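Please read the points beside the sequence and the model.

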Amino acid sequence: TLGVGDLLPQNTTFVSSENCTTDGSKLTWSITVPAEETATVSYTVKVNEDVQPGQYIESIGASVGGVAVKCPDIYVGTTLTDAQHVRNLLLSHFSPA
């Protein structure tokens, strides 16, 4: 069993993750990875409304098996309102081919 952890990046709000335990801004997973295999953990966050295009969301505090790792920072190119997200989702799923 391997412990994986991360701290929720600043300027974000946790949305969801499979098999994740949350304690405030601390996210943890306990996973079993067979020899010669790989595993992936991920989580979804919402970028807070006060974040401006051009800012970066920095990954902080990530670890795998107690060893610190650095995940890539995420560049915020455009921020959308919830209504824009819904509109874009509807357009992408229901637009004629």
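1. Which residues make up the largest nonpolar core? It consists of Val4, Leu8, Cys20, Leu27, Trp29 and Ile31, six residues in all, where a nonpolar core is a set of buried Ala, Val, Leu, Ile, Met, Phe, Trp, Tyr and Cys residues joined through side-chain atoms within 4.5 Å. Strand 4 (residues 26–31) gives the most to this core, with three residues. Buried here means under 20% relative accessible area, exposed means over 50%, and partly exposed lies in between, with a 1.4 Å probe and protein chains only.

2. Before going further, please keep in mind that this is a predicted model, in which local features need pLDDT of at least 70 and side-chain atom pairs count only at pLDDT 80 or more, while totals for chains, interfaces and linings use all residues. Residues are numbered from 1 along each chain as its sequence is written, and side-chain values use heavy atoms, with hydrogens and water left out.

3. The secondary structure comes to one helix and nine strands, and along the sequence the pattern reads β-β-β-β-β-β-β-β-β-α. Helices (H or I, at least four residues) and strands (E, at least two) are DSSP runs, numbered from the N terminus.

4. Five of the strands form an open sheet in the order 3-4-1-7-8, with antiparallel pairing; its edge strands are strand 3 (21–23) and strand 8, each of which pairs on one side only. Two strands count as paired if DSSP finds at least two bridges between them.

5. Within this sheet, strand 1 (residues 2–7) and strand 7 (residues 60–64) pair in the antiparallel sense over three bridges, and Leu7 stands opposite Ile60 in strand 7. Strand 7 is also joined to strand 8 (residues 67–68) by two bridges, and these two strands run antiparallel. The bridge partners in strand 8 are Val67 for Val64 and Ala68 for Ser63. Strand 7 and strand 8 form a hairpin with two residues between them, and Gly65 in the turn has a positive phi of about 60°.

6. For the protein as a whole, residues 24 or more positions apart account for 55% of the contacts with a separation of 6 or more.

7. Buried residues make up 15% of the 97 residues. The accessible surface comes to about 7300 Å², of which 53% belongs to carbon and sulfur atoms.

8. The structure holds one salt bridge, meaning a side-chain nitrogen of Lys or Arg within 4 Å of a carboxyl oxygen of Asp or Glu. The side chains of Lys70 and Glu58 meet in it at 3.9 Å, N to O. The pair links distant parts of the chain, 12 residues apart, with Lys70 in the loop between strand 8 and strand 9 (74–75) and Glu58 in the loop between strand 6 (56–57) and strand 7. Lys70 is exposed, with a relative accessible area of 56%, whereas Glu58, at 43% relative accessibility, counts as partly exposed.

9. A last point concerns confidence, given by pLDDT, the predictor's confidence in each residue from 0 to 100. The protein averages a pLDDT of 80, and 79% of the residues score at least 70. Among the elements, helix 1 (residues 82–94) has the lowest mean pLDDT (54) and strand 3 the highest (95). Over residues 92–97 the pLDDT is below 50, and beyond near neighbours in sequence this stretch has one contact in the model.

Notes
Contact means heavy atoms within 4.5 Å. Accessible areas come from the Shrake-Rupley method with a 1.4 Å probe; for residues, only the protein chains shown count as cover.
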